[in-house]
Amino acid sequence: MTDATERTALLDELGVDIDPELLSLALTHRSFAYENGGIAHNERLEFLGDSILGQAVTVRLFTGHPELDEGELAKRRASVVSTVALAEVARAIDLGAHLRLGRGEDLTGGRDKDSILADTMEAVIGAAYLSAGHEAATSLVLRLVEPLLADPLRYGAAMDPKTSLQELAARLGLPAPAYAVDARGPDHDRRFTATVRVGELAGLGEGSSKKQAEMAAALTAWRELSERA
């Protein structure tokens, strides 16, 4: 499959006509940029997309849930726009397959890292805004996060996955979750991989900190355990 064909498939999935150059930029991780002469990468688009994402989710929650107070609205918004939640959205459209990564990042599983997927998802939203305007970008955001908005149980898990996993394990009569964390990379770019075990079930997660990796692993395990339950 050619690169152009792959991008067409992604655009079909997104349902927005994004300028090809902007889409390519949105998919370009800094590791790829550094290995290719310091070309532009997606962090500026990520900055823009983060703002559009936050506004769209805030308005949707405010107008759709008049019964919720400010604290609950803030809690739900934080859950939906979290790194873990955005990575889940990115996986649903197979965004990882389209990333432009440096060789080292690619070899160490960068296409499935929560942080890279979430950042790229925001960059794509930014590219959609610049290409098609505010309304189209907002519509894209709401289509992407609708599964999260429609599943209130997931709010608690995404906000505090370690507690949610512990409570679910106890409810099912399973042992308390046990975590193990490995770290790699230089001090300025440390990456952490966590494994959590609940009986025979294991969940994996990655992040730029031990806490983030453990939270990602806990959410993975919580999803699996919830489905089994």
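The following dialogue explains the terms applied to parts of this predicted model.

Modeller: The model is predicted, so local features need pLDDT of at least 70 and side-chain atom pairs count only at pLDDT 80 or more, while totals for chains, interfaces and linings use all residues. Residues are numbered from 1 along each chain as its sequence is written, and side-chain values use heavy atoms, with hydrogens and water left out.

Biologist: What makes a stretch a helix or a strand here?

Modeller: Helices (H or I, at least four residues) and strands (E, at least two) are DSSP runs, numbered from the N terminus. Helix H8, for example, covers residues 114-132.

Biologist: How do you know that the span of H8 agrees with its number of residues?

Modeller: The expected span is 1.5 Å times one less than the number of residues. For the 19 residues of H8 this gives 27 Å, and the end C-alpha atoms are 27 Å apart, so the two agree. Helix H12 (residues 210-228) also has 19 residues, and its first and last C-alpha atoms are 27 Å apart, close to the expected 27 Å.

Biologist: Why is H8 called roughly antiparallel to helix H9?

Modeller: Helices H8 and H9 (residues 134-149) pack at about 150 degrees, with axes 7 Å apart. Angles run from 0 to 180 degrees between N-to-C directions, and axes are lines fitted to C-alpha atoms, for helices over the stretch in contact. Angles under 35 degrees count as roughly parallel, over 145 as roughly antiparallel, 65 to 115 as roughly perpendicular and the rest as oblique. H8 is therefore roughly antiparallel to H9.

Biologist: Which residues meet in that pair, and what classes do they belong to?

Modeller: Contact means heavy atoms within 4.5 Å. On the H8 side are Met121, Ile125, Ala128, Tyr129 and Ala132; they meet residues of H9 including His134, Leu140 and Leu144. The contact has 10 nonpolar residues, one polar and no charged. In these classes, Ala, Val, Leu, Ile, Met, Phe, Trp, Tyr, Cys and Pro count as nonpolar, Asp, Glu, Lys and Arg as charged, and the others, Gly among them, as polar.

Biologist: What makes helix H6 roughly perpendicular to H8?

Modeller: H6 and H8 pack at about 75 degrees, with axes 8 Å apart, and they are therefore roughly perpendicular to each other. Among the residues that meet are Ala87, Ala90 and Arg91 in H6 and Leu117, Ala118 and Met121 in H8. This contact includes eight nonpolar, two polar and three charged residues.

Biologist: Why does Leu117 count as buried?

Modeller: Buried means under 20% relative accessible area, exposed over 50%, and partly exposed in between (1.4 Å probe, protein chains only). Leu117 has 1% relative accessibility and therefore counts as buried. Leu117 lies in H8, a helix in which 14 of 19 residues are buried. Beyond its neighbours within four places in sequence, Leu117 is in contact with residues including Leu95, Gly96 and Leu99.

Biologist: What makes E1 and E3 the edge strands?

Modeller: The open sheet has the order E1-E2-E3. Strand E1 (178-184) and strand E3 (201-207) each pair on one side only. The twist averages 15 degrees from one strand to the next, and H12 lies across E1, E2 and E3, running at about 145 degrees to E3.

Methods: Pairing = 2+ DSSP bridges.
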